[in-house]
Amino acid sequence: MRRSERLWHLAYKYGMGESFTGMWVEGLETAEVARRISADTAAKEKCRWADLLKGVNIGSGVGVAWVGRLNDNWTQILQRGVESLDVLPALSAGNRRALLVSWNVNAVGDLVYAIDGNYATAFSVTRPGRRRGSDPHALDLYAEGLQFDAQDSSWENDPDLPAGWMEYSAWEEARLEGDIPEDDYEDMRPEWMDLLEFAVNGYSPPLATCITSALALVGRITGRELDEAWMNGVHTRFLITRR
């Protein structure tokens, strides 16, 4: 695994390679976080990640927020299914900071940063130098040394790429450009099954690097990256209902 992709692979390990929504807020306890994101504060329970969706039909207009302290200063929120939208101003109100990182199989969203109820920066994760907001360069210092370019091709000769990725990619490109039905994988090498699973979950080396860079930037601000210790912990699940 390329170190520059490590946090995408962590998200993938926990079923979030294809779709991810994470928020971070400074100085709020769990119950107050739930209130500010309009979650059901009465429908809560402590659980592990493996039980996060137990008893929840996220296809029926219901979602979950998994909320827990990241460290003494920051709380981390992961959402699945229906999500709390446009809540960073509410989270950051009261002279606090809040961040949002999200992606799905079709696109990676901007890294959004709010301060004291206002959007400060929308920082493009995939287009170098693209910034918006009242303080568009507020995160530039934290971004030093990270990579935010979905068109980057420097990875192509990296010996730490997933084994066989270049060969698989060439085969997949030839297959899609030919007359083979899109769902016909009979001629695919058996050892490429894991690579196919990566691809189905939105993996590509430059995008995995962009996503990892976004999560690493958040870690620089909060003082702790998303990690296995947190993912393996017990946190509070709240329900979110589409309104």
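I began with the nonpolar core, which I took as a set of buried Ala, Val, Leu, Ile, Met, Phe, Trp, Tyr and Cys residues joined through side-chain atoms within 4.5 Å, where buried means under 20% relative accessible area, exposed over 50% and partly exposed in between (1.4 Å probe, protein chains only). The model is predicted, so local features need pLDDT of at least 70 and side-chain atom pairs pLDDT 80 or more, while totals for chains, interfaces and linings use all residues. Residues are numbered from 1 along each chain as its sequence is written, and side-chain values use heavy atoms, without hydrogens and water.

Core: I found that the largest one has 52 residues, with Phe20, Trp24, Leu78, Val101, Leu111 and Met231 making the most contacts inside it. Its largest share, 9 residues, comes from H6, helices being DSSP runs of H or I of at least four residues and strands runs of E of at least two, numbered from the N terminus.

Salt bridges: I looked for a side-chain nitrogen of Lys or Arg within 4 Å of a carboxyl oxygen of Asp or Glu, and the whole structure gave 13. Arg6 pairs with Glu225, the closest N and O atoms being 2.7 Å apart; this links helix H1 to the loop between H6 and helix H7 (228-231), 219 residues apart. Glu225 is partly exposed, at 24% relative accessible area.

I then checked Glu29 and Arg69, whose side chains form a salt bridge at 3.0 Å, N to O. Glu29 sits in the loop between strand S1 (20-26) and helix H2 (30-36) and Arg69 in strand S3 (residues 62-69), so the pair ties together parts 40 residues apart in sequence. Glu29 is exposed at 53%, whereas Arg69 is partly exposed at 26%.
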